[in-house]
Amino acid sequence: AIPSLLALVTDPNTDIARKALHVLKQTSDKHLDFVAGQLSVGLAEACAFQRALWAAAHHTRPMKALPTSVVEGMSAMWASVVQPETKLKAKFLQALLKPFDDATSLASAGSGAAASDLHLLWFCARIAAELPYRKMDEPLGLMHTINSLVSRRGQAALAALKHSLTEEAGLQQRGSGQPTEEAAAAAAGTRAGDPPSAAPTTNLHRQ
C-alpha cells in the first residue's frame, strides 16, 4: 500500500493527494522502517502513475517538465513525512538515486543498464532538483551519494559507452564501404613495413 500512497500524493486531485499524504504520515509514524523500505518502489509507481495520466491527456506528446501536482505533492511529503525523520530522509535521498546506481551497473546483461527506465531516471532527477531543502546537510548528502556513485561506476560506464560508440562507428563505416580506422592503420603499417622494391639490374658482359 505504501507505493500506491506515494503515487497518490502526486494526484492532480488535491483532495485525493491530501488524504493520501495524511495516511502516509500516520503509517510512517507507526512503521518508519517499513515505509523507508518501500520508497524506491513508491517512486517507480509514482513515475508510472504520472506517465499514464500524461499519456491519457496528451497522447504521444512527451513530458518535458514535471506537472505541478508532482512538485507540490512530493514537496509536501518531503516537508511533513520525510524531513522530520533523519533516517527516513537519508533513505528517501538514496531511493532517488537508486535508479542511477542500477542503470550504471554493468555486471549483468539482464538487468542494470540494459533494463533501466530512462523515464524513471528523468523523474527522480527532477524531483531531486525540486525538493524544498532547508538544511545544508540535505543537498550535501545528495551530492555525497552522487560522488560515491560516480567514483564506483563512472569509469566502467564511460569505458563501456566509448567501446559501444566505437563499435557502432565501425559498423557504419563497413556498411558504407569505407575502411575502418583499424583497417586503415593496418594497411598503412603494411605499406610502411614493405621493403623497398629493388631497382632492375642489367648484367653487362665485356667482350
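**Cysteines**

I began with Cys-47, which counts as buried at 3% relative accessibility (buried being under 20% relative accessible area, exposed over 50% and partly exposed in between, with a 1.4 Å probe and protein chains only). The model I am reading is predicted, so I kept in mind that local features need pLDDT of at least 70, that side-chain atom pairs count only at pLDDT 80 or more, and that totals for chains, interfaces and linings use all residues. Residues are numbered from 1 along each chain as its sequence is written, and side-chain values use heavy atoms, with hydrogens and water left out.

I then looked for disulfides (pairs of cysteine sulfur atoms within 2.5 Å) and found zero in the structure. Cys-47 is in none, and the nearest cysteine sulfur to it, that of Cys-124, is 7.0 Å away.

**Thr-10**

Next I looked up Thr-10, which I found in the loop between α1 (2-8) and α2 (14-30); helices here are DSSP runs of H or I with at least four residues, strands are runs of E with at least two, and both are numbered from the N terminus. Thr-10 is buried, with a relative accessible area of 0%. Leaving aside residues up to four places away in sequence, I listed its contacts as Phe-49, Gln-50, Ser-69, Val-70 and Met-74 (contact meaning heavy atoms within 4.5 Å).

**α5 against α6**

Met-74 came up again when I turned to α5, where it is one of the residues in contact with α6. Helix α5 (residues 68-82) packs with helix α6 (residues 86-103) at an angle of about 150 degrees, their axes being 10 Å apart; the axes are lines fitted to C-alpha atoms over the stretch in contact, and angles run from 0 to 180 degrees between N-to-C directions. From α5 the contact also takes in Met-77, Trp-78, Val-81 and Val-82, while α6 brings Leu-88, Lys-89, Phe-92 and Leu-93. By class, I recorded eight nonpolar residues, no polar ones and one charged in this contact.

**Helices at the largest pocket**

Last, I asked which helix gives the largest share of the lining of the largest pocket. The answer is α4, with five residues, and I noted that α4 (39-58) and α7 (118-130) each supply at least two.

How values were computed
Ala, Val, Leu, Ile, Met, Phe, Trp, Tyr, Cys and Pro count as nonpolar, Asp, Glu, Lys and Arg as charged, and the others, Gly among them, as polar.
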